[in-house]
Amino acid sequence: MLISDPGQPNNRYPWQRGPVDAATAENVGTKGFAWFKRATARQGDVAFFYCCGHGASHDQDPVLFLEDLNGDERNAWTHINLAFPAQAFRKSKTVSALFLYSDACGELIPEVELVKDPQSCAFYPQLTPFGQSRNQVSLLCAAAEGLLAYDGPRAAGAQVNFGRFTQTLLQALNGSSARWVRDRWGVCGRDLLVDLKYLRQIFFSHWDSKQPFQPFEAFTQTDRIPVVFPDAFELPIVLMTDPPERMPQYGIGISQTKDEGAPWLKNRDPGDASEWSTTVPPSRDALYAIAFSNQGRYSLLFQPKEPLFDQWVSVP
């Protein structure tokens, strides 16, 4: 189900734009409820929900405004309170997991906060306090309460901007946040919140660092449940000498053994004072990170079975 898309996509994707429903309260309520019924029809299914646009925070819940905002004086602030569908799915006895992602601001808007009876667009059954709730729902948002979400280019100098949260989330789901789980490589919802900030620094360092990047998790799953099982990916690793001021004096390489003369899988020559961010194929076998100079070689044993963001090679 796809609801809403800009009339001028500005070359954001290679395919031709087809007919798309407007994100009005009527369409979201009707088509969204049909999606809810499909998502909860079969035992053991996993549901995935993504939204983006203008958002805010209401009573500490993330909300997303709809396309017919301010279109009806009887309900001027048409929106989805994302905590409500999360709660509805927690009541479901069929869905094994739900992953909700919202790339929207958490802005505090006094006019919204002071609405006496805000009417969230309901595309889920009426919520009641009865029935058992399960902790199989994850709701991860781009910005915490009171903060904004920002756009940014995919690469330095690119002319088209995308949501920063969305780009970093896709980087994680494509394998950069993978770990060995359930006898295969998977990306679990519980790992994303911590990983996203590191991945933003590694893969999107060209973004303005003065603009906050503060995702937060409104609902957390109890168990480590995979969102996806990625293929053909590499895991990020960030290497630095200890002490860090020795970094320019050493090159750093990654090898299957620490023997001198063994071929490098990847390496960087001496002279760079910055940390070395690179990627390696996932494996449960150990590799060596080796700092080398004319004075000697110093190694660190590591396992590329998860993203490794702070790895220190001790040197004299």
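Helix 4 and helix 5 are roughly perpendicular to each other, a label that covers angles of 65 to 115 degrees, with under 35 degrees counted as roughly parallel, over 145 as roughly antiparallel and the rest as oblique. Their axes come within 9 Å and cross at roughly 105 degrees. The axes are lines fitted to C-alpha atoms over the stretch in contact, and the angle runs from 0 to 180 degrees between N-to-C directions. Helices here are DSSP runs of H or I with at least four residues, strands are runs of E with at least two, and both are numbered from the N terminus.

On the helix 4 side, Phe-165, Thr-168, Leu-169, Gln-171, Ala-172, Leu-173 and Ser-176 meet Leu-192, Leu-196, Leu-199, Arg-200 and Phe-203 of helix 5. Contact means heavy atoms within 4.5 Å. By class, this contact has eight nonpolar, three polar and one charged residues. Nonpolar takes in Ala, Val, Leu, Ile, Met, Phe, Trp, Tyr, Cys and Pro, charged takes in Asp, Glu, Lys and Arg, and the others, Gly among them, are polar.

A word on the model. It is predicted, so local features need pLDDT of at least 70 and side-chain atom pairs count only at pLDDT 80 or more, while totals for chains, interfaces and linings use all residues. Residues are numbered from 1 along each chain as its sequence is written, and side-chain values use heavy atoms, with hydrogens and water left out.

Now the whole protein. It has five helices and 19 strands. The C-alpha atoms fill a box of roughly 75 × 40 × 40 Å along the principal axes. Of the 316 residues, 45% are buried; buried means under 20% relative accessible area, exposed over 50%, and partly exposed in between, with a 1.4 Å probe and protein chains only. Among contacts between residues at least 6 apart in sequence, 70% join residues at least 24 apart.

Next, Thr-241. Where does Thr-241 sit? It is in strand 13, residues 235-242. Thr-241 counts as buried because its relative accessibility is 0%. A polar atom of its side chain lies 3.0 Å from the backbone oxygen of Pro-243, and a polar atom of the Thr-241 side chain lies 3.1 Å from the backbone nitrogen of Met-247. Leaving aside neighbours within four places in sequence, Thr-241 contacts Arg-246, Met-247, Tyr-250, Ala-291, Trp-312, Val-313 and Val-315.

Pro-243 itself is in the loop between strand 13 and strand 14, the latter being 251-255. The peptide bond from Asp-242 to Pro-243 is cis, with omega near 10 degrees.

Another threonine, Thr-24, is placed in the segment before helix 1, residues 25-39. A polar atom of the Thr-24 side chain lies 3.2 Å from the backbone nitrogen of Asn-27. Not counting residues up to four places away in sequence, Thr-24 touches Leu-66, Glu-67 and Asp-68.

Last, backbone angles. Asn-70 is not a glycine, yet its phi is positive, near 65 degrees. Asn-70 lies in the loop between strand 3 (61-65) and strand 4 (79-81), and at 53% relative accessibility it counts as exposed. Arg-182, also not a glycine, has a positive phi of about 55 degrees. Its loop runs between strand 9 (179-181) and strand 10 (184-188). Is Arg-182 buried or exposed? At 57% relative accessibility, Arg-182 counts as exposed.

Key:
Polar contact = N/O pair within 3.5 Å; in protein donor to acceptor, adjacent residues only side chain to side chain.
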